[in-house]
Amino acid sequence: MGPTVAHMRVAIGAPGNGAVLKDDLKAFLEQDARVTEVVDLSAPDVTYPEVSFRAAQTVVDGKADRAILVCGTGVGTAIAAGKVAGARAATAHDLITIRGAVENYDAQILCLGQNVIAPMHARALVDLWLDLRHDPSGFYGPNVREIDAYEARGLTRRTKAHVDTRGLHQ
């Protein structure tokens, strides 16, 4: 299900093109009573793939309950974080998508675009995000388990040589 509302550990990270929004959200999280720890995984020269891998691994390893990644659009960080086995990342810039990402799909990693969303709106989304939980017994639970089972079989590690032009596994 996820962490209790009052005990959330959040990892946060961004490359240079997401640093301004990341710093704003970090300050917001540090003032929020629902958050007990904020771990900033950023570094001045970090690439978006590297910070995304770090954040996703931190969540998968149980060192953080969730993570927030910020880049220019939120798309690159979501793609990179999703390469870490067990991590589910989603780019979300509106209430419907953020709610669905967590409640339906159990996304532990929120990816935002500094060039897409104003800090005030990003803070409002993060405020909602902190309260959202996935219910594995809900309607989408079987779908999430299906994704987890596929990943466990190792099929996500296939190479382009194993995929035909229609994207079907050979």
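## Helix packing and cores: worked exercises

H4 and H5 pack with their axes 10 Å apart, at an angle of about 25 degrees. Helices here are DSSP runs of H or I with at least four residues, strands are E runs of at least two, and both are numbered from the N terminus. Axes are lines fitted to C-alpha atoms, for helices over the stretch in contact, and angles run from 0 to 180 degrees between N-to-C directions.

This is a predicted model, where local features need pLDDT of at least 70 and side-chain atom pairs count only at pLDDT 80 or more, while totals for chains, interfaces and linings use all residues. Residues are numbered from 1 along each chain as its sequence is written, and side-chain values use heavy atoms, with hydrogens and water left out.

**Exercise 1.** Work out how H4 and H5 are oriented to each other.

*Solution.* 
- Step 1: angles under 35 degrees count as roughly parallel, over 145 as roughly antiparallel, 65 to 115 as roughly perpendicular, and the rest as oblique.
- Step 2: H4 and H5 are therefore roughly parallel.
- Step 3: look at who touches whom, with contact meaning heavy atoms within 4.5 Å. Leu95, Ile98, Arg99 and Val102 of H4 meet Leu125, Leu128 and Trp129 of H5.
 
**Exercise 2.** Now do the orientation of H1 and H5.

*Solution.* 
- Step 1: their axes are 10 Å apart and the angle is about 45 degrees.
- Step 2: that makes H1 oblique to H5.
- Step 3: list the partners. H1 brings Leu21, Asp24, Leu25, Phe28 and Leu29, and H5 brings Pro119, Ala122, Arg123, Val126, Asp127 and Leu130.

**Exercise 3.** Find the largest nonpolar core and the elements that build it.

*Solution.* 
- Step 1: A nonpolar core is a set of buried Ala, Val, Leu, Ile, Met, Phe, Trp, Tyr and Cys residues joined through side-chain atoms within 4.5 Å. Buried means under 20% relative accessible area, exposed over 50%, and partly exposed in between (1.4 Å probe, protein chains only).
- Step 2: the largest one has 24 residues, and Leu25, Leu29, Ile68, Leu112, Val126 and Trp129 have the most contacts inside it.
- Step 3: at least two residues each come from E1 (8-13), H1 (19-30), E2 (35-40), E3 (66-71), H4 (95-104), E5 (109-113) and H5 (119-131).
- Step 4: H5 gives the most, with 6 residues.
- Step 5: apart from this core lies another, of 16 residues, including Ala11 and Val84.
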